[in-house]
Amino acid sequence: MVPTLSHFLAVAALLFAAGLFTVLTRRNAVAILMGVELMLNAANLNLVAFNRYVVGGMAGQTFALFVVVLAAAEAAVGLAIVLSIFHTFKTIDVRAADLMRE
Amino acid sequence: MRPVNKLIAWTLGSAAVVAAVALLSARLSPALAAGSSRQLAGPFTLADGVFYFLAVLAVGGAGGVAFSRNILYSALGLLASLLGVSGLYVFLSADFLAVAQVMIYIGGVLVLILFAVMLTNRIGEVNVSNASLGWASGAILSAVLLALLLLVAFEVPWVTRAVASGPTTAPLGHGLLQQWLLPFELASLILLATLIGAIVIARKEIRAE
């Protein structure tokens with residue numbers, strides 16, 4: 001079983017499903033951010049795999065690099081917001097932050 | 001203090017895992033270059049073994065993130081998953097991206113996440129604070145999506161091309177400074193805005209009278 005494009009796509013699909021499950025079922029804001037990171041990684045793996053096996057050139061890898069940079073930015077701002085929520089509500093249950101609903 | 005001891009043990013354990021993977025990849029990379037088609041058992045070559053090891057590392061770590069009740073174990077699962085994906089990047093001859101993945105994700109994002117875990121939870125009660133909601137609906141939705149993605153991955157007749165694998169750092173650098181110079185500069189601008197925004201959001205409020 002030589003690894004082909006399908007194998008990499010399967011690994012990425014499993015990663016994405018795990019990330020989606022994490023985002024859907026957790027109430028802890030930090031865990032939700034972890035799920036988002038997993039999904040971004042799965043998308044990145046797909047980009048690089050298609051770049052290697054189908055398209056060629058450098059575009060896929062460059063795009064993946066930008067995704068990594070934006071994921072780092074997203075994590076920094078997201079965790080800052082989580083800390084701010086924790087200071088305000090004394091919890092990071094995402095259902096607790098509903099002050100604007102009232 | 002037992003929780004602190006446990007934390008230290010886990011930190012040391014994760015450091016040992018990182019060191020083991022680094023050592024293994026360092027030992028394996030000459031073997032990969034020289035005899036990647038050397039057969040271990042039947043049609044199963046060394047390269048295949050490395051691929052499946054990395055895939056299991058990535059998917060197992062993702063499973064740990066998704067199913068662990070303790071958020072600290074979730075963070076360690078994320079570590080394993082990111083390491084596995086980084087190894088898969090090497091497999092896809094994206095060497096610069098693999099190193100960037102280790103440096104940015106494991107060195108930056110994962111440390112940020114661990115800080116957030118420890119700043120927002122008292123370590124003793126992490127088991128309670130990671131409860132789940134809507135388990136069944138989430139599982140069904142994820143399973144359906146997974147089935148669809150696997151169907152696409154294995155049933156579509158992908159038109160692949162023969163590739164010459166080689167280092168890609170130099171072409172990537174040329175591309176970043178020629179064809180993609182504007183997005184590159186925009187990314188630096190976004191990072192600066194993120195830096196300022198994160199500091200403004202997360203700092204303690206100081207009342208200016």
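A polar contact is a pair of N or O atoms within 3.5 Å; within protein, one of them must be able to donate a hydrogen and the other to accept it, and residues adjacent in sequence count only if both atoms are side-chain atoms. Keep that in mind as we walk through this predicted model, where local features need pLDDT of at least 70, side-chain atom pairs count only at pLDDT 80 or more, and totals for chains, interfaces and linings use all residues. Residues are numbered from 1 along each chain as its sequence is written, chains are lettered from A and ligands numbered from 1 in the order in which they are written, and side-chain values use heavy atoms, with hydrogens and water left out.

Let's start with chain B. Its 209 residues include 32% that count as buried, meaning under 20% relative accessible area with a 1.4 Å probe and protein chains only. Chain B has seven helices and two strands, which are DSSP runs numbered from the N terminus (H or I and at least four residues for helices, E and at least two for strands).

Now look at where the chains meet. Here 77 residues of chain B are in contact with 69 of chain A, contact being heavy atoms within 4.5 Å. Together the two chains bury about 6600 Å², with 76% of that on carbon and sulfur atoms; buried area is the accessible area (1.4 Å probe) that two parts lose on being put together, summed over both. B:Leu92, B:Tyr105 and B:Thr120 supply 10% of the area chain B buries against chain A, more than any other three residues.

Finally, zoom in on A:Glu37, which sits in helix H2 (residues 29-55) of chain A. A:Glu37 is buried yet has no salt bridge, and the nearest side chain of opposite charge, A:Arg26, is 15 Å away (Lys and Arg count as positive, Asp and Glu as negative, while His and the chain ends are not counted). Which partner does the side chain of A:Glu37 have in a polar contact of 3.5 Å? That partner is the side chain of B:Tyr105. Leaving aside residues up to four places away in sequence, A:Glu37 also touches several others, including A:Glu74, B:Val109 and B:Ile113.

How values were computed: Buried means under 20% relative accessible area, exposed over 50%, partly exposed in between (1.4 Å probe, protein chains only). A salt bridge is a side-chain nitrogen of Lys or Arg within 4 Å of a carboxyl oxygen of Asp or Glu.
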